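Thank you for coming, everyone.

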Number of protein chains: 2
Amino acid sequence: MLWSGWGDPAKARELPPQLRELLHDLLGVREPAAPAASFASVRLAPVALSPARLAAVAEVVGHEHVLTSRAARIGHTRGKSTPDLLRMRAGDGSDAPDAVVLPGSHDEVAALLRLCTAERIAVVPFGGGTSVVGGLAAARSGFAGVVALDLARLDRLVSVDAESMVVTVEPGLRAPEAERLLERHGLTLGHFPQSFEYATLGGFAAARSSGQASAGYGRFDDMVVGLTVATPSGDLSLGRAPKSAAGPDLRQLLLGSEGAFGVITALRLRVRRVPQRRVYEGWRFGSFREGTAALRVLAQEGPLPTVLRLSDETETMIGLARPDAIGGGDSGCLVIAGYEGAAASEGSPASSATSVEGRGAGAGAVLARMGGVPLGIEPGQAWEHGRFSAPYLRDSLLAVGATVETVETAGFWSALPRLYDAVRLALLGALESPLVMCHISHVYETGASLYFTVVTAQKGDPVEQWERAKEAVNAAIVAAGGTISHHHGVGRDHREAYAAELGPVGVDILRAVKSRLDPAGILNPGILIP
Amino acid sequence: MLWSGWGDPAKARELPPQLRELLHDLLGVREPAAPAASFASVRLAPVALSPARLAAVAEVVGHEHVLTSRAARIGHTRGKSTPDLLRMRAGDGSDAPDAVVLPGSHDEVAALLRLCTAERIAVVPFGGGTSVVGGLAAARSGFAGVVALDLARLDRLVSVDAESMVVTVEPGLRAPEAERLLERHGLTLGHFPQSFEYATLGGFAAARSSGQASAGYGRFDDMVVGLTVATPSGDLSLGRAPKSAAGPDLRQLLLGSEGAFGVITALRLRVRRVPQRRVYEGWRFGSFREGTAALRVLAQEGPLPTVLRLSDETETMIGLARPDAIGGGDSGCLVIAGYEGAAASEGSPASSATSVEGRGAGAGAVLARMGGVPLGIEPGQAWEHGRFSAPYLRDSLLAVGATVETVETAGFWSALPRLYDAVRLALLGALESPLVMCHISHVYETGASLYFTVVTAQKGDPVEQWERAKEAVNAAIVAAGGTISHHHGVGRDHREAYAAELGPVGVDILRAVKSRLDPAGILNPGILIP
């Protein structure tokens, strides 16, 4: 992973000429005054942890699994939000951990937490490092030092229960490797968020990730049927059945806990069979309002596609739903509807209800009835081809002097128009003539997510510029009754808004759990808990 | 509701002659020595609350809403488990509350909780009074008295958001009245547990109820998208979107909290359209193993019926799945598969994927492929007709000297055979030649519930007799890795087993939340929290 950007540098993306023109002429984007910092010039504080403390840590995990090199520390600094990248491009390594620690087992994780509690060392659980909400920038004040607890060595597919369609995995397993391992068993998680290429399964759970095929496969929290968690106060093992009436569902208290309550050391996950067929199609609607109504009917009456997204007029015009054809978009609002599953078998009534063809025909009839015009599979293929490329594109935009960032929320269907307007107005008010695009990419019977992409010319300190806009957006989401995050999480960036969303009694619950599980407060301090 | 039994005394059920013979000849059931206590002979302690305390309570809710009559107190004593009924039939009113309090608003509930905290009065939130796990028998020790907080006056359908398919309701609304109110809008919850005729929506949420049509409509906790809760420490308002990545899902911490954390004063619930068609069919499988495999394939590959249940060989033979024909059952294992939804419309591809006919044909093909023999709609109609009658039948069995009770659990598919054997063996070991029947009535992709009905001749003190058996079953479920309850809840009866299931750190989490929300411990003391 590129230290100052996204992914494999070899996959860097050139900006399409139309987009360059648009940036220059419409948004007033100009080359940044200063070039990006080199790796060698990143400012890094000396390691704050004493040799004795480092030795104690090494005693738990082995000397070769405690890293204090520049590369290790810079590679574990913050996450991949735009402000994170802007800070790195400015050579600011101030949030770097003092050391990176790689435990090799649940017991080593548990021992580390006990040691760090005794020594007041802050611990930042680290999976793929893809947080976009400041979830890895722990507070340092009051601690002897900060270690990144990298789960990379806990990367096994532990067992496969094909009868229950449940697999046990370790948290550091990366999503692409998980899919490769599962495919040998004919299985898939079907979880493909934009962070897919780098993110880990433990991170998906800790941050309540939601993938591009969530309509068909569910959110990641839907897939988690069991969790093993190491906390400074002992171990938790949760999930004896798919569902239970034995009290509160504590799995749902650990999911989304972002490393603040404990470290997930094993997950039991519901899996599906690898689909025999995948078909992604495009549809056009006259307006975002009409398209939203169509998605709502599909979510409420079915049949639900596996992938379902709707771009608003601006995103469709810019062509952001098709990163390969960016700048060459079209009028109206583009819907991508994808179907994955079993192929229809000749004359089988079962297959008509569940097959790709049967569901595609059914959903297509709904989309047509609601005013959609079919565009065939070409837009679907374009979407599929570019589905993980937006973060690469961001690096190119940052390099030419544009700030690009995403914000997202969710609400009930009847609240979406208000929420959509509120976020747009906040961005338009806080930034100078930005380009604001939006899509719906996760639908439920009762509501949906809204995902905004904003592009603006960098002005002054681009981090401060964005922080002002972000503050306005957060306030707008809270006021409009949406949730502060549908799938990015809370981290540091949403903590205040999260407190407003929960209310004081909700905040008290989190603090009570936190102080019971992590009495010294070493776990990801400053993250999540208001 | 009959004070010493179930439901409307006018609906009392005569035992079919075959069943009387079976009880007498096979199980050795004999008339009980003593007749059941009369209402007048129930032993009730004097009201422990001082007149000053009662006056303070009355100041909050109005004098006419504080009841201390025998009828009110006996009518709010314990729930409807078999030991509860046996105790009432023995004239034991020892768990009666001192008073029944009926608040008329959220603010009155909140004020009551503050008052009871200050005065150390235990509060038992009371909905339909249908708990079967001792969820209403609060501990009295250390308190000035106990009040039942009956939510009957909070019984409105507050609002309908037809676009989001979300309704806001008050917790004391009973299920049949809710369905009547919703039907005017063409809507339904689709939640039909066996307690349907008496239970309240708040109780469904507080105890994580699951209905007979859960395969199609989901569990009740799936339907809850928002909750307002009054706690002694202040109010909670949760749920701004169907799903969120804003931290842990605190809704899932309040669901299943059984009145120990707070009192639910409003719920936002996902609703569905009233189905145009309902079809329930019977199928026969050669064995429970074969039938289980068929249910598993339907749960994992679809299409999933709305109602799906499988009786084991004994339950099928006794005919318990068809209470109207009890004692006249059949060989093999009976499956009831029901389909509710839109009727197929001529030539519409959408309807083939989602219609009753399309799903019925699809699921039927799977059942046939897995070895099922179709029995047509007659067994389905018989099941539908008797679906709420089992609790009435229990009263008749208790009267003739038989103990009948149910126990239930859930687990992953691969664990079900072990769990099935463990529970059966525990019951067979703890009771003298009991009749043990089982069915699966709730299925998930990764597992299912097991629901056992046991009938045995009363011997000695029937409460003690059952408590020994229950202890053996609880231990067996914990040892076999199942959850201690799929849909009955924890209450008092499962509290110890629940502690074993959660482990000490899980228990600590509950205690931390409890002491933060309810520092004086007035809410349902002795219930849920180990």
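This is a predicted model: local features need pLDDT of at least 70, side-chain atom pairs count only at pLDDT 80 or more; totals for chains, interfaces and linings use all residues.

Ser433(B) counts as exposed, because it has 11 C-beta neighbours inside 10 Å, and the scale here is that a residue is buried if 20 or more other C-beta atoms, placed from the backbone, lie within 10 Å of its own, exposed if 12 or fewer, and partly exposed in between. Ser433(B) is found in the loop between helix H17 (416-430) and strand E17 (435-440) of chain B, where helices (H or I, at least four residues) and strands (E, at least two) are DSSP runs, numbered from the N terminus. Its phi is near 35°, a positive value in a residue other than glycine.

Residues are numbered from 1 along each chain as its sequence is written, and chains are lettered from A and ligands numbered from 1 in the order in which they are written. As for confidence, chain A averages a pLDDT (the predictor's confidence in each residue, from 0 to 100) of 95, and 97% of its residues score at least 70; for the complex, the predictor gives an ipTM of 0.96 and a pTM of 0.96.

A second residue with positive phi, though other than glycine, is Glu258(B), with a value near 50°. Glu258(B) lies in the loop between helix H10 (251-254) and strand E10 (263-270) of chain B. Is Glu258(B) buried or exposed? With 26 C-beta neighbours inside 10 Å, Glu258(B) counts as buried.

There is also a backbone feature to look for in each chain: the peptide bond from Gly302(A) to Pro303(A) is cis, with omega near -5°, and the bond from Gly302(B) to Pro303(B) is likewise cis, with omega near -5°. Pro303(B) is found in the loop between helix H11 (288-301) and strand E13 (307-311) of chain B.

Staying in chain B, let us turn to strand pairing, which requires that DSSP finds at least two bridges between two strands. Strand E12 (residues 277-285) runs antiparallel to strand E14 (residues 333-341), and nine bridges join them; within this pairing, Gly282(B) has Ile336(B) as its bridge partner. E12(B) also pairs in the antiparallel sense with strand E15 (residues 373-376), over three bridges, and there Arg284(B) stands opposite Val373(B).

Now, how do the two chains meet? In chain A, 82 residues are in contact with 81 residues of chain B, contact meaning that the C-beta atoms of two residues, placed from the backbone, lie within 7 Å. The largest share of the side of chain A that touches chain B, twelve residues, comes from H19(A). Of the interface residues of chain A, 99% are also interface residues in chain B, so the copies meet through the same surface.

Finally, how are the copies related? Superposed by least squares on the C-alpha atoms of residues with pLDDT of at least 70 in both, chain A can be laid on chain B with an RMSD of 0.0 Å, by a turn of 180° and a shift of 0.0 Å along the axis. The two copies are thus related as by a two-fold rotation axis, and in chain A the C-alpha nearest that axis belongs to Ala353(A), at 1.9 Å from it.
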